[in-house]
Structure formats: structure tokens, C-alpha cells
Amino acid sequence: MDAFHTIPTTPYEDQKPGTSGLRKRVTDFKQPHYLENFVQSIFDTVRDFRGGKILLGGDGRYFNDEAVQIILRMSSANGVSEVILGKNAILSTPAASHLIRKYHLNGGLVLSASHNPAGQNGDFGVKLNLETGGPAPTSVTDAIFARSQTLSHYRIADGNIDTSRIGTQNLGDMRVTVVDPVEDFAEFMEELFDFSAIKALIESGFSIAFDAMSAVTGPYATEIFGNRLGVSHDQLYNTRPLPDFGGAHPDPNPVHANALFDRMFGPNPPDFGAASDGDGDRYIALGPHFYVSPSDCLAVIAANAHLAPGYKDGIKGIARSMPTGRAADNVAAHLNIPIYETPTGWKYFGNLMDAGRITICGEESASTSSDHIREKDGLWGVLMWLNIIAAKGESVEAIVRAHWRQFGRHYYTRHDYEEVDKASAESIIATLHGQLETLTGRSLQGETIEVADSFTYTDPVDGTVTKNQGLRVFFESGSRLVMRLSGTGTKGATLRIYLERYVGPEGDHDIDLAEATAGLAMIADTLTDLKQTLNRDAPSVIS
Ligand code: G6P
Ligand code: ZN
């Protein structure tokens, strides 16, 4: 009998990875050979996986186990020498990045659709990370897509692996080593943060609420916050990962993390609240009756990172995605370090980190991280906040308000129109695109447009040029309006509108956020007639 089978197949036309891997409905992934085609395209493109060592695991969502067994059989048939597998086939995205780096692997596959809902009718995804631990760049994902369009066969072996058994097993000639990623990750966090100071803070009565949203961070949170930092287990919510995330949408934002928001904005809130997403790379932070926007999180963390032992020598530079609020820019100017503006997607930060140009980066989509790995890291963000609070002895709100008094406040909000008609969403972008050159000097809602453009990124390390990464309208007041289409949705299109208004250190930092940005929302509508075009009265989500 052959060690493996060669199965004939035909291409699927829609296997082009988006902002973060190939993300589709479970029903798409379950089409005959769909997953196999994409995985074979990866093996055919990333040649050093053959004979190499790779990491495998996912966020535990529906179809995770089945997909892991298929990928293991294909890895064996494609000549991978060893797979490091998360116990029970579960790995958070940050832990995956850490393990790739720690064990010097050739890369890995992380099975997740991040914060998208799961279950039979939910979403699934395959993300590829390379040997740096970071997401594969577009040049690689484009090559994988090109390969998927000509694929005629894939290779698969027989066999099965017991993913619950720590230690080494064989599948054909390939070794499979099952590891418990939680311990490793917790130890790594102890190297970066002052656990004894945080523990003392908790012992002093500082209360928290952490919501793992029935997703991957539960076991990590239980070990780190519960066992190592002494947080009482009843302050840790939804820590058991469920294949359908309890039927919820594991996206930490005011809409989907409403239980946490109710707790933090209700009577007797805890001192600190946080939640993370499906695969553990996003987080949000709150104080009692106080939500910190992710763009402010990036700025506050950049300004205070030196308070954590892993960053005591200061930070080299900061990067943020273009639509992310510009609060961190003021911090970079103050610290006299560079700030980089990249397209949306974590993959653009990798080169800057590998080249030693930045230490901290973040995005408006609920993430901050550092060069400790090459992914965003939700629990890292939460620990950084706890470390800063412990070091300063101040509340979340006091820390953020002091930050605004020093740097000014960037009122920031994002309006999402989800699952809208794709052609209509594209026509809105086209409408604004068509006006870009004529907008300078136009006044609307008391704001005058300074300049407008379509964002192009030139990677300062390798010179790669990435075009059409969102439309920007800058106002003379310092306000900004950005529009782009999401690259992570799986149904129709999602139009994102990012609104930002700056008020200096001496200005009013207590304006209601919706009120502060209402004029910019109206400008977006006036310029593109978006509500009429989309036939929607209001955004689906405001975060
Ligand atoms: C994923 C990526 C992020 C990105 C986010 C939103 O989580 O890892 O880097 O910011 O999606 O992307 P989108 O294209 O939907 O705005
Ligand atoms: Zn995620």
C-alpha cells in the first residue's frame, strides 16, 4: 500500500485569502476537497514545510477537530517531518506565534475565523504563519491563491492522531508532538510583566472582570489570572471554550461583549474589565463606567510600556494601521521615536519588527501587541494594563484622563455597515474615490477639508508597495474621516467608516463621543449618500 493517496481535484475560484487568512462559511469549507485544495496550495507554495517542522492548532470552533486531522494527514503525505500540535488541537493565535518562534519552526497553520461566529452555519478559517511567527505576507498568500487556481491533485495519508495525549506519536513517517501551550505562554508572560506587583494589586482588593467569551483564552486566563495572579475564579467569565462560542459572537466590542459592558456600566462595577475574542488576539479594556478605545489603548500603552519589566529600556518605535486613531502619533513625537502607518492587517507589522524599527503596534480593531511575538495578543494587552495600573497606583480612568491632558484627546469611533450589498458598498467607495481630487477647500458641518487621498503603503524595509488601502479625508481642524471595505467578512460586504476628531490638551475631553463625531458621520453621508445607497438608517455596529 502507498504511504499516501493522490486525489484528483478541481480548483475553487474563491480561495483568495483576505485581511487575515482564508475565511469562509463552514458550509463552504465542507464542500468536497475545499479545505484540502487550499492546504495543498499552501504546501505547494511554502516549500520549506516539506521536510520541515510546523505548528498546528485552532481556536476550537466547530470543524476544528475534523480539519486538524485532515491537515495532519496531508502534512504527512507532503513530507512534513514534525507537527507540533496544541493539546486537543487548540491554540490561541498569540500562543501559536510564540511557539513557532520558541521552537524555531518553519511556520504553522492556525484554524480560526477570529471573532466571527462559529457553529454549523458559522465561519471557519485557515491562517498561515511563517517562520518569524507572523502572518504570511500578501506576496505569499497571492502565490497560494494562484496555485489554488491550477491545482489538479492533493496528497493525503491515512491515520489519526489522539490530540488529547501530550507527547509524541507518529503518522506515517511524520512525528506529531502534542504540547500544552498554556504553561509555556504563562511563563513567557511572567518574563514580560511584573507579576508580583499585579498580584499585590489583586490582593489589595482590586477587582476585575475578564470575559473569555467561551473562546480560546479561557484556559490561559484561568492559569494566568486565576492560578498565578490570584484573581478569584468567579471574576473570570465564560472560560470554557465551546465549539459554537455559546451561540454568541466572540468579538469584544460594545455590542457583542454587552455582558461585560453591562457589568462595567452597571451598579458596583469591578475596578477593571476586559474581554478577548475567538482566537485570543483581540482585547478591550474598561474601567468602572469608562471604556478605553483601542486607539487610546495603543497610545497609553506606548506611553507607559517602560513600567513593565520586559520594556524597561523604552520602546524603539510604534506602528498603527492607517484607520487606527492617531493618539499614538503624539506619544511617538513626545518620545522622539518613529511612528509608522501601515495598511489594515497585522501582517504589515512583521517587517518593521524584524528590522528592529518598532516595539509596540496596534490597531483600532481591538488590538495592541509588541515584538515579543509576531501577532496581536489579547492577554498581553490585559496584562500590560494591569502592570501599568499596579505601577502607577491609579485607576483606568485616571490614567487615560492624565494621558489626554498631556497629549490631547482623539475622539474616535468606527461605524460598520455589515452584510450589505457588495455592489452598493463598492459604489460608495467609488463615489468618494471619484471626488478625492476636488475635495480640498470644501466646507461641510463647520469642517474644511484640507486634503483627501487613497492610502498607499510603501514598506520601508523591503519597498513593497500596497495600493488602495482605504480613502482618507483630512480636515484643517485635525479631524479625519476614513472609509474602506472590510477584508474579513464572509457575507456580502462590510463598509467601515472611521471617524476621528482631535481636541488638544487644554480642550474639552468630556464631550459625548457620538456627539463629538456626529458632524463627521454626516459628512460621510453627504459625500457618498451611503445610507440611501445601502438602504440602512444606521450602522450595524458602532465601536
Ligand atoms: C483581523 C486582522 C486585523 C484587522 C482586522 C479587521 O482581525 O488580524 O489585523 O485589523 O481583522 O480587518 P477588516 O479588514 O475586517 O477591517
Ligand atoms: Zn482574532
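**Aromatic rings and their partners**

Reader: Why is Y311 called buried?

Author: This is a predicted model, and in it Y311 has a relative accessible area of 4%. Buried means under 20%, so Y311 counts as buried.

Reader: How many aromatic pairs does a search of the whole structure find?

Author: The search turns up 14 aromatic pairs. One of them joins F185 and Y220, with 5.6 Å from centre to centre and 90° between the planes.

Reader: How do you know whether F185 and Y220 are buried or exposed?

Author: The cut-off for buried is under 20%. F185 has 1% relative accessible area and Y220 has 2%, so each is buried.

Reader: What kind of pair do the rings of Y311 and W380 make, and why?

Author: Their centres are 5.9 Å apart and their planes stand at 85°, so this pair is edge-to-face. Y311 sits in the loop between α10 and β15, while W380 is in helix α13, 69 residues apart. W380 is also buried, because its relative accessibility is 0%.

Reader: Which residue has its charged end over the ring of Y237?

Author: That is R263, whose charged end sits 3.6 Å from the ring centre; the distance cut-off is within 6 Å.

How values were computed
Residues numbered from 1 in each chain as written. Chains lettered and ligands numbered in written order. Predicted model: local features only at pLDDT ≥ 70, side-chain atom pairs only at ≥ 80, totals over all residues. Heavy atoms only, no water. Phe/Tyr/Trp six-rings, centres within 6.5 Å; stacked < 30°, edge-to-face > 60°. Buried < 20%, exposed > 50% of the residue type's maximum accessible area, 1.4 Å probe, protein only. Helix = DSSP H or I, 4+ residues; strand = E, 2+ residues; numbered from the N terminus. Lys NZ or Arg CZ within 6 Å of the ring centre and 35° of its normal.
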